[in-house]
Structure formats: structure tokens, C-alpha cells
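Trainee: I would like to learn how to read the features of a structure one at a time, with the general idea before the particular case. Could we work through this one together?

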Amino acid sequence: MSIKKNKLLVLVLSSDTYPSKRNKAIQKKTWAQKDDNCEVLFYTSGKKTDRINDELIVNAGSSTSEIGFKNFEAFKWVLHNLEFDYLFRTNTSSYINIEVLQKYISHLSHNEDNYLYSGIPINLIKSTTNEEIKFVSGAGILFNRNTLELLVREEDFFDHAEWEDVGIGKLLNKSGIYPTKGIREDIKGNI
């Protein structure tokens, strides 16, 4: 019996500023290659939403406070235009071992009614409200399609005052979805 290969989309948050632009060029030469079961798409801000090869320009501002808007524009576009089972959202400071990620996904429970929100979990307790938010670090967030569709349906409740990864966790927590621990290796120091 062979293991079903799931279609993976890697969505890379990028910009035209340093070091993102440099890192994106390196990613494209190393791990960011398309194959039959994995597609890599870099997304950045622009005046209108348009795809050019492996680049998706989304109609959103370019400041860090607008990354949430940028995410949702990209999420909506990929849901309407691409076929995939899993989406791994990362950024240009990450190196992704696609083979390891696909093996990790192949060992997950594949119940289509479940929601998957996986990565390196962080618990944040807001000092002003004592609210606890359980979220996944924005360096690598794994969603299944169900979870991404839920996020887009609930977009109006996204808190843009939070950092985008915290806002995603806050929104999913309100729906009873909490992070599961994924795998990641961090490089210490300035490489």
C-alpha cells in the first residue's frame, strides 16, 4: 500500500526590501522548486492582485502593520485559484526542507473534517487584559485547506492591531482551534 502524496503549497511572505529580496533569490536557487506535489509561491504587496510565474502581487500595503491584510489577500487568491491540500506559510528568513515537511504531513491524521494549525506554538498573555492567545510563530505555519477556508470566512474578526501571526492564533482560538506542535530547527547567531 502506498502513502497518498498530498498537494502542498508553500506561500512565502516577501517584500522588495533588504534582506527579503536577497533571501528570496537564494530560496529560489535552493529549496523553492516546484514539483508535482509542491508549489512555491512568493507574495508581496502591490496596487492590484496579479500572479507572474512564482510571484503573487496582492493588493495590500507594504508596512508591517498591514501584513494581516496582505495574508488575507494571498489566502483568498490561492483558495480561489489553486488546488492544494496543505498550505505552509513562511517568510524569506526560512529554509524549508520540502521532503521533511511532506513526510511530516504524510504522518498527520487526514480526517477531512479536522482543522490543522501547526508549527512552533507560543502562548502570549496580554498584560492589559490577561487574555491568553495560543499562536504559531509566523516563520512557519502549516494549515490544511479547512483551516484556511475558516480563516477567510472569519476575516472580519481578524484583529489587525496584533502582529499577524498573533492575530491568526487569536482568530482561530475563538473558533476553538489551537496550535499543534510542528518541527523546526533554529540557527543561532547571525549567519
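Mentor: Let us begin with burial in helix α5, where Glu164, Asp165, Val166, Gly167, Ile168, Gly169, Lys170, Leu171, Leu172 and Asn173 are buried. Keep in mind throughout that this is a predicted model.

Trainee: How many of the residues of α5 are buried, and what do the buried residues pack against?

Mentor: Ten of the eleven residues of α5 are buried, so that the helix is mostly covered. Those buried residues pack against helix α2, strands β5 (86-91), β6 and β7, and helix α4 (145-153). Just after α5, Gly176 takes a positive phi of about 80 degrees.

Trainee: How should I describe the packing of two helices, and what are the values for α2 and α5?

Mentor: Two packed helices are described by the angle between their axes and by the distance between those axes. Here the axes of α2 (residues 67-81) and α5 (residues 164-174) come within 9 Å and cross at roughly 65 degrees, and the crossing in which α2 passes α5 is right-handed.

Trainee: Which residues of α2 and α5 meet?

Mentor: On the side of α2 they are Ile67, Gly68, Asn71, Phe72 and Phe75, and these meet Glu164, Ile168 and Leu171 in α5. The residues of this contact divide into five nonpolar, two polar and one charged.

Trainee: What kind of pair do Tyr117 and Phe143 form, and where in the chain do they lie?

Mentor: Tyr117 and Phe143 form a stacked pair, with 6.0 Å from centre to centre and 10 degrees between the planes. This pair links distant parts of the chain, since Tyr117 is in strand β6 (residues 117-125) and Phe143 is in strand β7 (residues 132-144), 26 residues apart. Tyr117 is buried at 1% relative accessibility, and Phe143 is buried as well, with a relative accessible area of 0%. Together with Phe158, the residues Phe72, Phe75, Tyr117 and Phe143 form one aromatic cluster.

Trainee: Which charged side chains sit over aromatic rings?

Mentor: Here one asks how far the charged end lies from the ring centre and whether it sits over the face of the ring. The charged end of Arg145 sits over the ring of Phe84, 4.5 Å from its centre, while Lys134 lies over the face of Tyr178, at 5.6 Å from the ring centre.

Trainee: What should I look for in the backbone of the loops?

Mentor: Most residues other than glycine have a negative phi, and most peptide bonds are trans. Against that background, Asn53 has a positive phi of about 55 degrees although it is not a glycine; Asn53 lies in the loop between β3 and β4 (55-59) and counts as exposed at 66% relative accessibility. Asn130, likewise not a glycine, has a positive phi of about 65 degrees; its place is in the loop between β6 and β7, and Asn130 is exposed, with a relative accessible area of 62%.

Trainee: Is Thr49 buried, partly exposed or exposed, and which residues does Thr49 touch?

Mentor: Thr49, in the loop between β2 (38-46) and β3 (50-52), counts as partly exposed at 32% relative accessibility. Leaving aside residues up to four places away in sequence, Thr49 touches Leu56, Ile57, Val58, Asn59, Glu73 and Trp77. Of these, Asn59 is ten residues from Thr49 in sequence and 5.1 Å away in space, C-alpha to C-alpha.

Definitions and conventions: Residues are numbered from 1 along each chain as its sequence is written. This is a predicted model: local features need pLDDT of at least 70, side-chain atom pairs count only at pLDDT 80 or more; totals for chains, interfaces and linings use all residues. Side-chain values use heavy atoms; hydrogens and water are left out. Axes are lines fitted to C-alpha atoms, for helices over the stretch in contact, and angles run from 0 to 180 degrees between N-to-C directions. Helices (H or I, at least four residues) and strands (E, at least two) are DSSP runs, numbered from the N terminus. A crossing is left-handed if the near helix is turned anticlockwise from the far one by less than a right angle, and right-handed if clockwise. Contact means heavy atoms within 4.5 Å. Ala, Val, Leu, Ile, Met, Phe, Trp, Tyr, Cys and Pro count as nonpolar, Asp, Glu, Lys and Arg as charged, and the others, Gly among them, as polar. Rings of Phe, Tyr and Trp (its six-membered ring) pair if their centres lie within 6.5 Å; planes under 30 degrees apart count as stacked, over 60 as edge-to-face and the rest as tilted. Buried means under 20% relative accessible area, exposed over 50%, partly exposed in between (1.4 Å probe, protein chains only). A charge sits over a ring if NZ of Lys or CZ of Arg is within 6 Å of the ring centre and within 35 degrees of the ring normal.
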